[in-house]
Amino acid sequence: MKETIYTQNRELSWLRFNERVLEEAVEDNVPALEKLKFISIFTSNLDEFFMIRVGSLYDQTFLPEPQIDNKTGMDAAEQLDAVFNAVRPLYRKRDQIYLDVTGRLADNGIEYADIKLLGESEYDYLEDYFCMCVQPVLSPQIINSHHPFPHLINKAIYIILQLKISDKTAFGIVQVPQGMERIKCLPGDKTRYVLLEDVIYEHIDKLFDNCKVQAKNIICVTRNADINTSRLVDEDEDFRHHMKKVLRKRARLAPVRLEYYGKINEKVEKFLREKLELKKEQIFGSRAPLEMSYVFPLLDKLPKRLLSEATYEPFTPQLPSYLVPCDDMISRVMSQDILLSYPYEQMEPFLQLIREAASDSRVISIKITIYRLASRAKLVDYLRTAAENGKEVTVLMELRARFDEANNINWAESLEDAGCTVIYGIQDYKVHSKVCLITMMDKTGIKRITQIGTGNYNEKTAALYTDLSLMTADQEIGNDAAVYFKNMAIANLNGEYHQLMVAPNSMKNRIISLIRGETAKAHQGKPAHIMVKINSLTDRETIDALKDASQAGVRVEMIIRGICCLLPGVEGYTDNIHITSVVGRFLEHSRVYCFGEGDDMQMYISSADFMTRNLNRRVEVACPVKDRNIRKQIMDILDLMLKDNVKARRLRYDGIYEKQPVSGPLLDCQQELINRALLDAVAPVSAEKHIQSGAEGAEDMKERESIWHKIRRLF
């Protein structure tokens, strides 16, 4: 068994990340409705954690050989116990924060009303609404030998009842309709609302008029959604048809959690545990609504005044000043590399590049990997147009992007209808890379434009996630991209590349080799530095290589948003490793690897985290960044994050994250990048001008704040 003194469990580390998400709801600089959003995000994150990670651990408990975590030595059952012990206090913390936030919102005119405390006219209004609109679509059911316990849909809300029928105890159940709007606003000048389940709960006795209701509870079941999508594929079966069957199967997998609102009757709990085959530790009570996606539709119902007072200042991604609207993007990229930094800058220049390629007579093919798309996607329109214009369009669509499978199936069918060639990746390996290749031919020969990104081609999340998108006419990179797409088409995972790092066959070895290169420098007494920004770190071999680098004296700076199984600052092991996590308005999603310093530094942007699944079981790509100005632009972003003293937290040797004492002006790296994007768009600069360094930015804070206030008045 490997040493565990400098490592921690993946699942417990993820729960600490989700706790950091929740803690944004208590920050003074976060507006009230944004706090409610963070509580909602925490809740949906936890739902997915139970569906996937807890579901996977439960599956492991049934295997003949114990599955041992190589970071802690725990088997699956021990990890489950640790998870349940860690989750329960998070429920209590979430509930208290939720009550505080909703209380403050009520003081500011946005009230989640208690039906029991309504006035007579408001109560009558909701009763009429129940009788006229809700009751007709409900399907109440008694549970007995002739009416068996129904299948409870994953994350659907139900009301369970204990009933008395002719001196006998029975149970009843009603599903809260998923097709009806969750929020019901009360009449009047103030913004007061209730939830659909509250209305049904209050009047549910009317549905069982031949019974006496003794107890009732709002409940929700979470099911295991961790299903292997590659197994049991018929050799002659279209993979798209196979995925449709997989999605139907997922809906009926075993329960892993039961939640109830408020307090639960002891007999009801025992009944549900027996029917769902759950243990007591899998049952969680909540004082917050069991499903919180209602928060986002709530925003649409608020008056503009309340909305502006309780949400972030609106921000629209900007067009970089050196790119002119309607500029010829193909010519621009052929003349210089271009980097887009989402969400501070628009995705539009990349979309314009594809739009131009769709009709440019020099373009002979467009090839792209797609993992997640928005429900409405201009990109698909442009790819369809390209195919209809006679271009060869190849789309590698990953149908196994978890919870986006149905959306991707629909897009795949749409692209095929337009004449695009659609392939579905490689069995047992998800294709997670973000690569687009445009091949052109003119009188001088073949020319290629390659786009490499750290995030999906999703036009919606590009305004919410921080990502990097590099467009380059570097022909060596383009040649590698051409080889990559050829290998994907013939299911070859063992291709050779000169510029790109590609998982699963070479990326991990290359990363470890680069880490060891810095380790060797340190042993020789030379300056050695590693700086990495990723979302998660779980791979044991990579962790051990970083530990060796630290022991040799390499300065290792890591910005890791989520899971981190490496513990920094452990004496004698990881003394020289410093790990920062930033959770803020935008989801930090970009991946950057830097090895060395100055002009000799090797920098890559990538789709891959340092996780075993990414490096060993996915197809990922990392691309070198060669342009000096772009390298500086990326380094400035990383430096800002390391200097953040508002949203950043530092990981301690014991797995706890803490904010650092504030010295000097407050610096929120995401807000600073918003400010810079707006300043750059308002006061254009040349493409060659360097972005101000973080230190210079701190010195000029007052001046920039003054300009920022002027800009705000423009909106």
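## Salt bridges

In this predicted model, the count of salt bridges comes to 44. One of them joins Glu111 and Arg192, whose closest N and O atoms are 3.0 Å apart. This pair links distant parts of the chain, with Glu111 in strand β1 (residues 110-112) and Arg192 in strand β6 (residues 191-195), 81 residues apart. Glu111 counts as partly exposed because its relative accessibility is 28%, whereas Arg192, with a relative accessible area of 16%, is buried.

A salt bridge also forms between the side chains of Glu181 and Lys301, at 2.7 Å from N to O. Here the partners are 120 residues apart, Glu181 being in the loop between β4 and β5 (183-185) and Lys301 in the loop between α8 (295-300) and α9 (304-310). Glu181 is partly exposed at 48% relative accessibility, and Lys301 is partly exposed at 32%.

The side chains of Asp205 and Lys216 meet in a further salt bridge, with an N to O distance of 3.3 Å. Asp205 sits in the loop between α5 (196-203) and β7, while Lys216 belongs to strand β7 itself, eleven residues apart from its partner. Asp205 has a relative accessible area of 37% and is therefore partly exposed; Lys216, at 19% relative accessibility, counts as buried, since the limit for that class is under 20%. Elsewhere, salt bridges that share partners join Glu19, Glu23, Glu24, Glu27, Lys93, Lys647, Arg649 and Lys659 into one network.

Helix α7 spans residues 266-276, and within it Val268, Glu269, Phe271, Leu272 and Leu276 are buried. These residues are on the same side of α7, because they cover an arc of only 165 degrees around the axis. Glu266, Lys267 and Glu274, on the other side of α7, are exposed. The cover over the buried residues of α7 includes the strands β2 (141-143), β3 (157-165), β4 (168-175), β7 (212-223), β8 (255-261) and β9 (283-286).

The N-terminal end of α7 is capped by Asn265, which has a side-chain oxygen 2.8 Å from the backbone nitrogen of Lys267. Just after α7 comes Glu277, with a positive phi of about 55 degrees. Glu277 is located in the loop between α7 and β9, and it counts as exposed because its relative accessibility is 71%.

Ile543 belongs to helix α16 (residues 540-552), and it counts as buried because its relative accessibility is 0%. Its C-alpha atom is separated by 10 Å from that of Ile515, which is 28 residues apart from Ile543 along the chain.

Val570 is found in the loop between β20 (555-560) and β21 (577-582), and at 9% relative accessibility Val570 counts as buried. With neighbours within four places in sequence left aside, Val570 is in contact with Ile5, Tyr6, Asp575 and Tyr653. By contrast, the C-alpha atoms of Val570 and Leu99 are separated by 38 Å, the two residues being 471 residues apart along the chain.

## A nonpolar surface patch

On the surface, Ile364, Met441 and Ile446 form a nonpolar patch that has about 250 Å² of accessible area together. Of its members, Ile446 lies in strand β16 (residues 445-453), where its relative accessibility of 37% makes it count as partly exposed.

## Backbone geometry

Most residues other than glycine have a negative phi, and most peptide bonds are trans. Against that background, Lys155 has a positive phi of about 65 degrees although it is not a glycine. Lys155 is placed in the loop between β2 and β3, and it counts as buried because its relative accessibility is 13%.

Cis peptide bonds are also present in the model, one of them joining Tyr342 and Pro343 with omega of about -5 degrees. Pro343 is in the loop between β10 (338-342) and α11 (348-359). The peptide bond from Ala503 to Pro504 is cis as well, its omega being near 10 degrees, and Pro504 lies in the loop between β18 (501-503) and α15 (507-523).

Terms used:
Residues are numbered from 1 along each chain as its sequence is written. This is a predicted model: local features need pLDDT of at least 70, side-chain atom pairs count only at pLDDT 80 or more; totals for chains, interfaces and linings use all residues. Side-chain values use heavy atoms; hydrogens and water are left out. Buried means under 20% relative accessible area, exposed over 50%, partly exposed in between (1.4 Å probe, protein chains only). Helices (H or I, at least four residues) and strands (E, at least two) are DSSP runs, numbered from the N terminus. The arc is that of the directions from the helix axis to the C-beta atoms. Contact means heavy atoms within 4.5 Å. A polar contact is a pair of N or O atoms within 3.5 Å; within protein, one must be able to donate a hydrogen and the other to accept it, and residues adjacent in sequence count only if both atoms are side-chain atoms. Patches are made of residues with over 30% relative accessible area and no salt bridge: like charges are joined within 9 Å, nonpolar side chains (Val, Leu, Ile, Met, Phe, Trp, Tyr) within 5 Å. Accessible areas come from the Shrake-Rupley method with a 1.4 Å probe; for residues, only the protein chains shown count as cover. A salt bridge is a side-chain nitrogen of Lys or Arg within 4 Å of a carboxyl oxygen of Asp or Glu.
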